[in-house]
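Hi everyone, thanks for making time this morning.

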Amino acid sequence: MARSLAAPTADDELAEIEGWYRRRLTGPARMPRTKWTPVRIGPTWQVDGKRWALPDRSLGWQVLAWCGRWLQLARDEPWRFTDEQARFVLWWYAVDESGRFLYRDAVLQRLKGWGKDPVGACLCSVETLGPARVADMVSGQPVGMPTPDAWVQTAAVALEQTKNTMRLLPGLFTAEAQSEFDLAIGKEQLYGQRGTRFMQAVTSSPTTLEGARATFVLANETQHWDSSNSGHDMADVIERNATKSPDGAARSLRITNAYEPGLDSVAERDRDAYEAILAGTAVDTGLLYDSLEAPPDAPLTLGEAPAVVEAIRGDSTWLNVARIVQSIGDRRNPPSRSRRFWYNQIVAAEDAWLVPADFDRLGNGVTVDKIERGTPIVAFFDGSKSDDATGLVGVRVEDGHVFQIGLWTKPAGWDDRLEPWTVDRADVDLRVSWMFDTFKVLGFWADPSDTRDDAGERYWEALVDSWHRRYANRLRLWAVKTGDRQHAVAWDMRSPIRQQLFVGAAERFVSDVEAQVLTHCGSAGLKQHVKNARRRPNKWGVSLGKEHRESARKVDLAVCAVGARLMWRQWTNQHRPRASKGRVIVLTD
């Protein structure tokens, strides 16, 4: 007897879509054959034997099926993730044996045009309406359910960036989905399920975000999030809100292009955190970092660029390689920008003082608190009043090791309209006293700058003179040895002779970093100021400075490091031990 055929149910359709993905993703891994082997960071492009490395348990299978059922690429064309995107979804929704998510937050870094915004829009849709939470574990696998009272945010530091995601939503949902979930889609918000589910676009207003109980946040273009636009404050608020979510399952996904080193963006801090986890110097708090980058030696030439782009575009075959190569060949586009946009490489701007990665590799963690009392050192001070930072850096005489002793800068969020901020000279003086009490200071030079106090007097002059009177008898390397301006401490950079000396020291510092013959403490402040520094050519050579006069990105510790190494070099050249008939002469006081 013939069996009657029933119309397929929604569950049947979901099972069919999930099966389609399983057949594609669990089969033999087919790694693209390219001339250039990309740098693969994260699990998406990892292979386990001959198959793709996939999580043992993931809610992602149901997420993939839900998107295929209710979302569309175009009218009457169901949404389908590329295999690469689908593998990322599986890892993002991976869970442990108890059904808890493996990852607390994630960074998805890809070249421009890869499809980060569409993927983000799909995941925002799932988090608002789909099976984004684990309801139960059945036979060791998670079963999904919608997030109760879902509150999803797509966040950026500019409203236009949030539109990259929000403008996709009207065409992303099928007509059936819009009816099924009772959707009301606006330019900056979406309501569903009779107003019980909510998605909104938010911009850089940390105060407004504080306390918001968002269940999922998509942070867009975090390479642009920095202190100048409240990006760091915004990222901090998002993290705090997720931490105190009632079910402990609120998470955030950050999508970004390769960032420019030295700008101290949220994207840069995320990468630093990930690399610290890999190095074992930070605890893994559940960060999923996924990136596909051109190898460091990939040439930026018209002949090789097509093969490099094909290697790192992954499954995004819609990218027009010929058009990208045209952009790379356009001389109006700096090579560093082309590498960040189209090679997904993290590279410094052309005017960077030195390569940040080269400097970072020299950090050894020997900070000021780890240097023995009584150690002979030299130290350089760079004073400011309010706009720039004030810094104090030491160098160990024995080996030239650079370490941060003090840094004074305006606190984040300080409102000068309520109370103008100035560096506390008494606090600086206490730190200098501590330095002399702790170490054997052979030389201490200070550039007081020409900044003035409210009475018109030079802000640091009186304190620098007091240091001369207190410490001159203990200092062996004086700032000014002869003449009517003889001074143990004051080393005024306005002098042309000292400017010339400093330029030579700055060039030597760069060459020492390039030759990897210098070590430093690795403090966050020192590394950041070095990354912020830009090349400043002058008649004596190439010095360093801020990107522009009003820039909030400070370089003062870099200046101090150069000054302290200049002092160290002078000391070692003047006090080089000499051997005599097998005896070693040890210099002492």
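Predicted model: local features only at pLDDT ≥ 70, side-chain atom pairs only at ≥ 80, totals over all residues.

Residues are numbered from 1 along each chain as its sequence is written, and side-chain values use heavy atoms, with hydrogens and water left out.

So, the overall picture. The protein chain has 19 helices and 23 strands; these are DSSP runs numbered from the N terminus, with helices being H or I of at least four residues and strands E of at least two. The C-alpha trace spans about 115 × 55 × 50 Å along its principal axes. Of the 589 residues, 52% are buried, meaning under 20% relative accessible area with a 1.4 Å probe, protein chains only. Now contacts, which are heavy atoms within 4.5 Å: among those between residues at least 6 apart in sequence, 70% join residues at least 24 apart.

On to the sheet. Which strands form it, and in what order? There are nine, arranged β1-β15-β6-β14-β13-β9-β12-β11-β10 as an open sheet with mixed pairing. The edges are β1 (39–41) and β10 (184–185), each with a single partner strand, so one side of each has no neighbour in the sheet. Two strands count as paired if DSSP finds at least two bridges between them. Inside this sheet, β9 (residues 151–155) and β12 (residues 197–202) run parallel, joined by five bridges, and Q153 stands opposite Q200 in β12.

For an antiparallel pair, look at β20 (residues 534–538) and β21 (residues 541–545), which are also linked by five bridges. A hairpin connects β20 to β21 through two residues, and R534 stands opposite G545 in β21.

Last stop: S449, in the loop between β19 (440–447) and α16 (461–471). What does S449 touch, leaving aside residues up to four places away in sequence? Its partners are G383, R458 and W460.

Methods: Buried < 20%, exposed > 50% of the residue type's maximum accessible area, 1.4 Å probe, protein only.
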